[in-house]
Amino acid sequence: MSDIVEKTLTALPGLFLQNQAGGGPAAAKAPFSSRLGGLVRSITALTSKHEEEKLIQQELSSLKATVSAPTTTLKMMKECMVRLMYCEMLGYDASFGYIHAIKLAQQGNLLEKRVGYLAVSLFLHESHELLLLLVNTVVKDLQSTNLIEVCMALTIVSQIFPREMIPAVLPLIEDKLQHSKEIIRRKAVLALYKFHLIAPNQVQHIHVKFRKALCDRDVGVMAASLHIYFRMIKENSSGYKDLTGSFVTILKQVVGGKLPVDFNYHSVPAPWLQIQLLRILGLLGKDDQRTSELMYDVLDESLRRAELNHNVTYAILFECVHTVYSIYPKSELLEKAAKCIGKFVLSPKINLKYLGLKALTYVIQQDPTLALQHQMTIIECLDHPDPIIKRETLELLYRITNTQNVTVIVQKMLDYLHQSKEEYIIVNLVGKIAELAEKYAPDNAWFIQTMNAVFSVGGDVIHPDIPNNFLRLLAEGFDDEAEDQQLRLYAVQSYLTLLDVENVFYPQRFLQVMSWVLGEYSYLLDKEMTEEVITKLYRLLMSDSISSETKAWLIAAVTKLTPQAHSSNIVEKLIQEFTVSLDTCMRQHAFELKHLHENMELMKSLLPVDKSCEDMMVDASLSFLDGFVAEGLSQGAAPYKPHHQRQEEKLSQEKGLNFEPYGLSFSSSGFTGRQSPAGISLGSDVSGNSADTGLKETSSLKLEGIKKLWGKEGYLPKKENKTGDETEAPVPQETTIMENVDQAVTKKDQSQVLTQTKEEKEKQLLASSLFVGLGSESSVNLITEQPECCLSITEAENTKIFQYSVQMEKPFMQGNLCGFVNYQTVDTLSAQLEFSVNLSLLDFIRPLKISTEDFGKLWLTFANDVKQNVKMSDSQAALPSTLETLEQKLRLHVVDIIGNEGLLACQLLPSTPCLVHCRVYADILALWFRSSCSTLPDYLLYQCQKVIEGS
Amino acid sequence: MRFMLLFSRQGKLRLQKWYLATSDKERKKMVRELMQVVLARKPKMCSFLEWRDLKVVYKRYASLYFCCAIEGQDNELITLELIHRYVELLDKYFGSVCELDIIFNFEKAYFILDEFLMGGDVQDTSKKSVLKAIEQADLLQEEDESPRSVRDLGPQGL
């Protein structure tokens, strides 16, 4: 009953529509998609996007119910598919219907199948997994005796077909090349063309059959085969020279009007065919006089015949001109072609003008006089209101640039650049300007100014070759050394001026270029200027808008300039700032600078002035370490094994199943620490930094100690190599020297802590300013006195407690909080008590108490993750006890323990969460960190490692 | 050809055909961007556009924009004629086509396009044979749905 009502309802609007259409000749206006009509009409009636969304969602859910209902007939399904396609076109997701589209193509009758195939071609993309389900249907339809089914199968194959399934249908399609119906042969050729595009190897063996298609008695089939030939000739023109005669003959016949009138388009014979043939001839005749001679006649005829004043004749003419200029030149033809170009350029129709400019651009290098002929038109086009015309004109000018006109042309290009917003245009134009500037620059000032504009406007989308080439050019210079120095000096001065401008943000790439140039060539300035340069670089380093990549460039520049500077206040400030940075890379740079800074001689020899073009001698075999290795071996150390060997041994030891993904086993081979250089430097740096941790580590962790030696050893002999003195210095002696130095440094550190100079205090105050935000919720309770706060005189037994909280503004490895308390003794003498507290990031870690469910949700939202395997000692092999240790020592919250897996959560105050997932197998603990902060997982991993391996 | 789009002056997509594998997200982004660019152009401007690494050829017929993306070395003018031929085909099929015909029978518009272009290249430039192929399939449809329409279809058939 309800079915009938439904049918009636469906039919009503259809009948309505039928009456409206009046049943005229347009039989296509059938009522079959009336429900689509209803949908379309109700959408048009809506006023807001929100309403549309609601309506479509309703529609989609009703469609979802219908398509999955078992009672839905194929006919209804066809109707549903049409509506689904419509919804997808409006931008809504209808993926639930994809599988039904495939089913419809498979099971439906001809009409339903057609809609099913169409839906598949619209819904799916080439690598969609569902597409595999279509292969069988296609194979079946290709074998069908019904021509329409075969046509549909060929059409879908040419649109969308999984590459790896080509072999399944290839023989069937090859057979179709001999089919009696031309429409089938034509579609088969085009399907093979598609295969040639996506998988050329698979159709190589049927090249002979393509020749047969080229000679087919049906024009459509022959024309279809030209698509394949165009591709193949483009890839390898020499292989098809023998076909030139055939192509010429075909073109002659077409131009001579020998084809059926059916193929005429606005009384021009088969224009698409003509154009395709002209393009093929252009490829064949390129740089080949003999082949070109074969086509001169027909090209001449083509130029002559195309007289009708219609777009399509212009299309043919344009292609003809292109071909004439591509092949081996013949002056008579060139003359005619040039005349043709004139027709285009001078045409009042804007489309033709555009193509005229395009043609000029193409031929201008062969025939520069042509530009002179049309110079007035070109000038007019340069100020054309349509930016596309302007741009094509610039393209033309770019081809005729020389030393005399470069400044004007580049100026025009820059003007255009300033108006344009589209990334692709900017990248393209900026590349061209840079190229012209390098080739034709009239003087230094202009060159540097132009490149400044390139870097400023090009921003960070600029092709990386541009800054690289620019820097190479500066470094390598030209033949005249004095001139080169002037160029460099000009660059340095210009950058310093730019950096003085307030509130201007330069693109990162530009800043990188500046840092390199300033680092290398600031020595050309007055000696006193070096510190000023360093100050500027330092200011940039402290700015928030600088990416960490650029910071690395900046700190490298500072490092280069440090040996040239008289005073090193800023450098020391910088070292202090960044040796506690959470960014491992920056921290490493800062430590390198710090160590070099302590040894000026070494620093100067490592960073010689103006030697950027000279090759560094690097002892890649690390032969200077031989002595150290020998010593280690004699003391019973295991010989070094390359990574792959360790890997193999490990695999052969572990007979059991490998539960870890293969990628992970790489890092698990070194249980003791991260393999990354950053990790190593972190280990050694921390131990060298504070005497306390250093001691603890050497006593508890043997391998950490070895690492430390490696770091020092690798560092000292480098100096030997660089200075070029005796390289065979006795190693043991060096080690002792080094140890002494090390101790001295530590001592110095300690004494510095004890006797704080005023300067030191300032620095520390600066450091502590990072922890500002006193007085918020008592997250960290440090018992401190507020600076400059006077206590009232109290009885000895009376104590006063001030409680303040410290908040971290941005994550830092460690920092120092210091201050002083003023008090008065009984005899009213005022005294001062200084104090300082070292804070590490760990002090700001708190347990994060969440449920397992919340953990799961949070886990999925975080992008930054770090994984590492850690070997546990036997005593703590049980998961609960390990987690308990972590809970106690690092204040992580144990969320849940499930079998051999455990979940931990913590947060960096005020609210940066970090989640840990760990799993035990054998004595390995696989740790997996995720957080919203990119550096936090790294830090926590290091801490966890320390705790687990330390206990 | 890389893709073909039909959209209205109000920026509503009416038909889209992609001849090169493109992800759904990328498609949406490209359609949105390109519509903006084309709709912002003034009537007297050139029908060709350089957009990203593509050449875009567009033409407006009444309230509908037809828009093709081709590669740099392809012939712009013939692409413009290709659009025109497609419009002619639609016109002949629907009998003086209008935007509404394409909205309400968009699947037919797709069928015609598939018969005219295959894999982005011209398959059949003969108007007669394209329409013949479509009508062959349609004939079955009319028989299936409403037999009286066969009469309207006239003598052309299989």
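In what order do the five strands of the open sheet in chain B sit? They run β2-β1-β5-β4-β3, with antiparallel pairing. Before going further, keep in mind that this is a predicted model.

**The sheet in chain B**

Let's start with that sheet. Its edge strands are β2 (13–18) and β3 (48–51) of chain B, and each of them pairs on one side only. On average, neighbouring strands are turned by 20° against each other, direction ignored. In general, strands of a sheet pair through backbone hydrogen bonds, and they can do so either parallel or antiparallel. Take β3(B) and β4 (residues 54–61) of chain B: this antiparallel pair is joined by four bridges. One spot to look at is B:E50, whose bridge partner in β4(B) is B:K55.

A helix packs on this sheet too: α2 (residues 76–94) of chain B. Helix α2(B) touches β1 (3–8), β2, β3, β4 and β5 (64–70) of chain B. Its direction makes about 40° with that of β4(B).

Zooming out, the elements of chain B follow the pattern β-β-α-β-β-β-α-α-α-β-β-α-α from the N terminus on.

**The two chains in numbers**

Here are some overall values for each chain.

| Chain | Residues | Helices | Strands | Buried residues | Accessible surface | Share from carbon and sulfur atoms |
|---|---|---|---|---|---|---|
| B | 158 residues | six helices | seven strands | 63% | about 6,200 Å² | 52% |

What about contacts between residues that lie apart along the chain? Counting contacts with a separation of 6 or more in chain A, 65% are between residues 24 or more positions apart. In chain B, 47% of the contacts between residues at least 6 apart in sequence join residues at least 24 apart.

**Nonpolar cores**

Which residues touch the most other members of the largest nonpolar core? That core has 275 residues, and the answer is A:F247 and B:Y86. Helix α2(B), the one packed on the sheet, gives the most to this core, with 11 residues. Leaving out residues up to four places away in sequence, A:F247 touches a set of residues including A:L214, A:L226, A:Y229 and A:L284. Another core, of 39 residues, lies apart from the largest one; among its members are A:C906, A:L936, A:C944 and A:I948.

**A helix in chain A**

Now look at helix α9 (residues 166–176) of chain A. Its buried residues are A:I166, A:V169, A:L170, A:L172, A:I173, A:E174 and A:K176. They pack against α7 (135–142), α8 (147–159), α10 (182–198) and α11 (207–214) of chain A. As background, an α-helix has 3.6 residues a turn, so residues three or four places apart point the same way.

Is A:R846 buried or exposed? A:R846 counts as buried because its relative accessible area is 17%, below the 20% cut-off. This residue is found in strand β7 (residues 845–847) of chain A. Its side chain reaches the backbone oxygen of A:D843 at 3.0 Å. A:R846 and A:H893 are 47 residues apart along the chain, while their C-alpha atoms are separated by 8.1 Å.

A:E601, in helix α32 (residues 600–606) of chain A, is exposed, with a relative accessible area of 57%. From C-alpha to C-alpha, A:E601 and A:P563 are 8.7 Å apart in space, and they are 38 residues apart in sequence.

Definitions and conventions:
Residues numbered from 1 in each chain as written. Chains lettered and ligands numbered in written order. Predicted model: local features only at pLDDT ≥ 70, side-chain atom pairs only at ≥ 80, totals over all residues. Heavy atoms only, no water. Contact = heavy atoms within 4.5 Å. Pairing = 2+ DSSP bridges. Helix = DSSP H or I, 4+ residues; strand = E, 2+ residues; numbered from the N terminus. Axes fitted to C-alpha atoms, helices over the stretch in contact; angles between N-to-C directions. Buried < 20%, exposed > 50% of the residue type's maximum accessible area, 1.4 Å probe, protein only. Polar contact = N/O pair within 3.5 Å; in protein donor to acceptor, adjacent residues only side chain to side chain. Core = buried A, V, L, I, M, F, W, Y, C linked by side-chain atoms within 4.5 Å. Areas by Shrake-Rupley, 256 points an atom, 1.4 Å probe, with all protein chains shown as cover.
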